[in-house]
Each structure stands twice: as structure tokens, then as C-alpha cells.
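This report is written for a reader who has the sequence and the model at hand. Please keep both in view while reading.

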Amino acid sequence: MRFFALHLPAFAALALASPVHPPRTPAAVASHALFVRQDIQTAINASLPNVTIFATGGTIASQGSSSTQTVGYQVGLGVQQLVDAVPEILNISNIAGYQISNVDSGSVNQTILLKLAHQINAELAKDDVSGVVVTHGTDTLEETAFFLQLAVNSTKPVIVVGAMRPATALSADGPLNLLQAVTLAASENAKGRGTMITLNDRIGSAFYTTKNNANSLDTFFSTEAGQLGFFVNQIPYFYFAPSAPIGLTHFDLANATSLAHVDILYAHQDMDPALFNASYAAGAEGLVFAGVGAGGISAKAREAAEGLFNATGIPIVASHRSVDGFVPSADMGFAIAAGFYNPQKARVLLQLALTMDYDHDEIKDLFALGYPKP
Ligand SMILES: *[C@@H]1O[C@H](CO)[C@@H](O)[C@H](O)[C@H]1NC(C)=O
Ligand SMILES: *[C@@H]1O[C@H](CO)[C@@H](O)[C@H](O)[C@H]1NC(C)=O
Ligand SMILES: *[C@@H]1O[C@H](CO)[C@@H](O)[C@H](O)[C@H]1NC(C)=O
Ligand SMILES: *[C@@H]1O[C@H](CO)[C@@H](O)[C@H](O)[C@H]1NC(C)=O
Ligand SMILES: *[C@@H]1O[C@H](CO)[C@@H](O)[C@H](O)[C@H]1NC(C)=O
Ligand SMILES: *[C@@H]1O[C@H](CO)[C@@H](O)[C@H](O)[C@H]1NC(C)=O
Ligand SMILES: *[C@@H]1O[C@H](CO)[C@@H](O)[C@H](O)[C@H]1NC(C)=O
Ligand SMILES: *[C@@H]1O[C@H](CO)[C@@H](O)[C@H](O)[C@H]1NC(C)=O
């Protein structure tokens, strides 16, 4: 296990200055500090399902200065205020809440992710809890959702939800999104489907759903893989029976105190080859590049990446900068093909594999699970 030792890539000493890796010491194991569990209603109705909301912040918890302001607003509403805005929720479930953080999703970091994973695993282990909802900013929502898909091992639903408009805006979408998320978390039909993302009536798998538009309400969907289901009159309808996405692996992060450092490099014309070494020198333990086309990079950048790999053995994963697509495994040479994973999901998967001390071949096999040969 890597958690208690300083981890240095095998050949680090050869050529590059040793990168800086945070120590994962026993002292740091101390706390995935337990948060205060608040009962949101005054009295429990024992005939209703129990859903726990983990609030992290984001637009859904934000207020602007006017009903027309839809950018530049402030995060600040707490979990109690989120539920207070949608009293219908307490007619369908008993709600307990945890305030994990109150930040925009660009500021969600590994401390918050590990706390979420630990607390959600503990919550879902309780017999009387039907499911959980995570409220989150939309910008990196898919990363947290994919992380939870890999780090939470339960048949009970985990629903990640956000909003594109702050609570103060005309036609704010947060309240109905939250009602639908709680409905889904409490639904028997939602079991065995892993972590789901729901916004704007759509239900999608955390595996494939991505944010497609920086501003519009209709932004979360999964282009080729499609949606899992849809809300009609606040009832979730699914297209398919429960099934696991190909390539799904669960990681037990119970003892993890930090996550491995993985950077994403964005390929483009005249990509600076120095970025690969610079990232490594700054402490990266793994790299993902958002390739042009199906995992491509310029000859110069490729040579630099291969040189770094030859010198250090650091895993380098090739993904695609296009919104959707597939990087096939054939002829990738030094790089590991990301298959369907977009750069941000490939990063999460590589991060967890490195955190669990997978070696290069195991990482290659892990990614290859996503594209088994027929
Ligand atoms: C990256 O570092 C390796 C090892 O020191 C070196 O051989 C290579 O020239 C460097 N590449 C670039 C593009 O600076
Ligand atoms: C408890 O929930 C059940 C099922 O929805 C409902 O019929 C009943 O009226 C609720 N009881 C109270 C006291 O609200
Ligand atoms: C909800 O929680 C209460 C209190 O623990 C429990 O009595 C009840 O059975 C739970 N509801 C369901 C549907 O599990
Ligand atoms: C909750 O249910 C009760 C009983 O059906 C109903 O009178 C009340 O309007 C509902 N509250 C909300 C906010 O939907
Ligand atoms: C992550 O963010 C939280 C909340 O802002 C902060 O308390 C924590 O120190 C941050 N963790 C890291 C590793 O930066
Ligand atoms: C996930 O849960 C299943 C069923 O309980 C169990 O067999 C498996 O070992 C668990 N995986 C991890 C990584 O905990
Ligand atoms: C976590 O640490 C405990 C105590 O050392 C150990 O019993 C358990 O197996 C570890 N779990 C994992 C998943 O490494
Ligand atoms: C990396 O190593 C391979 C295999 O030894 C070799 O063919 C290739 O030329 C090396 N690439 C660089 C850039 O050093």
C-alpha cells in the first residue's frame, strides 16, 4: 500500500530532479473528520424512505444580487436552506444533511473527495438509509460523480446534482433538480445503477455523462452512450434494467489519506514538449494528455513524452480533447489508451490506480477493461 510511504517512480534518480510527492504518513490517517449529521425535518415519518444529502456548494447553493444575474454570484446557502426551498421533499423522504464544504466546484479537491467517499460509504451501510444525494457545482461535477462511482461500493443509489442558475434567478433550476435527485435516491428502481447524475429531467450514468455547455441549462448528457432515464411529472422512468458500465472497478479507499498527483496536458498545434518534464518535475505521478483526434500529439511532443516515460516509467494516458470519442489501444507505444474515458475521467481512474499502488502493467490492464476485445 502506498499510503504510508513516500512513493518515487522507479527510475526517478536517473535523469530528472526528484519530484515532490506529499507524504502519506500514518499521522495523516487520523481523520476523514466526521461531519455533523443534521436532521432536516422536525419529526421523522417512519413510513418514508431516508435520504442523506451531502452538500458541497456550487451554483445550486448560490445567490445573486438580482433575479436576472446568472453569472458572478456567491456560493453560501447551507443544506437546510436548500431543503427549505423545496418543502415537497419532506413529503417523499426524511432528510439528513451533511455540510461537507461550501465551495464552487472548481475548488473541490482531494480532501473533499475523500471525505465524501468515506462518509457516503458509512451512510449507505446503514440499513435505514435508502440512498444519498450530493449537491455540487456543475463545472467539475462529472469528476466527483465518476470518483464516487469508483470509490463507493453499494447497490444503493448515489445521485450527484447541481444547478445552472443560482437560487435567486428567474426560473432557477436547483429546486426541481434537488426534488428529482431525492426522488431518485429514494427509488427502488434506482438500485444497482451506480452513481448517477441528474439535472434538467435527465438521468445519466456517472461513467459517461459530461458537461457539454458552459452556460446553458441543457448541458449534461452523454452523447454516444445515451441517458439511463428521464423524469416525467417527477417520476423517474428508466430505459434499461440495471447494469454496470464495462470497465467498472471499485477501489477501497478506506485507508487513503491523499490521492495521487495526476495532471492533464492539453494537446494542440505547436504543443510545448517541455510540459511533460515540467509536470513530472512538479510532482506528477501520472499524466493524461487530451490528444488531438483519437489520442494524437505532435511528433515533438510525442518524443518528449516518450523520453519522459523511458527515463521515469511514469504512466502516460492518451485521451481525446473532443467532447466524445474513443482512443483505441492499437499502436499506442509508450502511452496507455484511454478508450472511452474523457481526459477528466481518465485522470480520476489513473489517480485511484496510483493511489492503490497499481504498477504500470496493472494500470494498462485496468484501462483495457474499458475496451475488451469481442
Ligand atoms: C526531459 O527529461 C529527460 C530526462 O532528463 C531528458 O532526456 C529530455 O531531454 C527532457 N525533454 C525535454 C523536452 O526537455
Ligand atoms: C407519513 O408518510 C405517509 C406515506 O407518504 C403518509 O401517508 C402519512 O400521512 C405521513 N404521516 C405524517 C404524519 O405526515
Ligand atoms: C427511515 O428511518 C426510520 C428511523 O430510523 C426508520 O424507522 C424507517 O424504517 C426508515 N424508513 C425506511 C423506508 O427504511
Ligand atoms: C405534503 O402532503 C400533504 C398531504 O398529502 C399535502 O397536504 C401538502 O400540501 C404536501 N406538501 C407539499 C409541500 O407538497
Ligand atoms: C481542500 O479544500 C478545503 C476547503 O476549502 C480545504 O479545507 C482543504 O485544506 C483543501 N485541501 C487541499 C489538499 O488543498
Ligand atoms: C464491493 O462489494 C462487493 C459485494 O459486496 C464485494 O464482493 C467486493 O469485494 C467489494 N469491492 C471492494 C473494492 O470493496
Ligand atoms: C485499512 O487498514 C486496516 C487497519 O490497518 C486494515 O485492517 C484494512 O485491511 C485496510 N483496508 C484496506 C482496504 O487497505
Ligand atoms: C524510448 O525507448 C524505446 C524502447 O527502448 C525506444 O525505441 C525509443 O526510441 C525511446 N524513445 C525516446 C524518445 O527516448
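The sections below treat the basis of the model, its domains, its strands, its pockets and selected residues.

## Basis of the model

This is a predicted model, in which local features need pLDDT of at least 70 and side-chain atom pairs count only at pLDDT 80 or more, while totals for chains, interfaces and linings use all residues. Residues are numbered from 1 along each chain as its sequence is written, chains are lettered from A and ligands numbered from 1 in the order in which they are written, and side-chain values use heavy atoms, with hydrogens and water left out.

## Domains

The domain assignment gives domain 1 (3-238) and domain 2 (262-368); such bounds come from an automatic or database domain assignment. Between the C-alpha centres of domain 1 and domain 2 the distance is 27 Å.

## The nine-stranded sheet

Helices (H or I, at least four residues) and strands (E, at least two) are DSSP runs numbered from the N terminus, and two strands pair if DSSP finds at least two bridges between them. An open sheet of nine strands has the order β1-β5-β2-β6-β7-β8-β9-β12-β13, with mixed pairing. Its edges are β1 (38-39) and β13, each of which pairs on one side only.

Strand β7 (residues 158-161) is covered on both faces: Val158 and Val160 on one side, and Ile159 and Val161 on the other, are all buried. Here buried means under 20% relative accessible area, exposed over 50%, and partly exposed in between (1.4 Å probe, protein chains only). In a regular strand the side chains alternate between the two faces of the sheet.

Strand β6 (residues 129-135) is joined to β7 in the parallel sense by four bridges, and Val134 stands opposite Val160 in β7. From β6 the chain passes through helix α6 (residues 141-151) to β7 in a right-handed β-α-β crossover. Right-handed means that, with the strands pointing away from the viewer, the path from the first strand over the helix to the second runs clockwise. Three bridges link β7 to strand β8 (residues 195-199), again in the parallel sense. Val160 stands opposite Ile197 in β8, and Val158 has Thr195 as its bridge partner there. The β-α-β unit made by β7, helix α7 (residues 174-185) and β8 is left-handed.

Strand β14 (residues 262-266) runs parallel to strand β15 (residues 286-291), and five bridges join them. Asp263 stands opposite Leu287 in β15.

## Pockets

On a 1 Å grid over the protein atoms alone, a pocket is an open set of points where a 1.4 Å probe fits, with protein on both sides within 12 Å along at least five of seven lines; lining residues have an atom within 4 Å of a point. Grid points are joined across faces, edges and corners, and a volume is the space filled by probe spheres set on the points. For residue classes, Ala, Val, Leu, Ile, Met, Phe, Trp, Tyr, Cys and Pro count as nonpolar, Asp, Glu, Lys and Arg as charged, and the others, Gly among them, as polar.

The largest pocket has a volume of about 540 Å³. Its lining comprises 28 residues, and Ser205, Phe207, Tyr208, Ala225 and Pro245 lie nearest its centre. By class, this lining has 14 nonpolar, ten polar and four charged residues. Domain 1 and domain 2 each contribute at least three residues to the lining of the largest pocket.

The second largest pocket has a volume of about 300 Å³. It is lined by 19 residues, of which Thr59, Thr70, Tyr73, Asp139 and Met164 are closest to its centre. The lining of the second largest pocket has six nonpolar, ten polar and three charged residues.

## Selected residues

Most residues other than glycine have a negative phi. Asn200, in the loop between β8 and β9 (202-205), has a positive phi of about 55° although it is not a glycine. Asn200 is partly exposed, with a relative accessible area of 28%. Asn233 likewise is not a glycine and has a positive phi of about 50°. Asn233 lies in the loop between β12 (229-232) and β13 (235-238) and counts as exposed at 67% relative accessibility.

Ile336 belongs to strand β17 (residues 336-337) and is buried at 1% relative accessibility. Ile336 and Ala125 are separated by 211 residues in sequence and by 35 Å in space, C-alpha to C-alpha.
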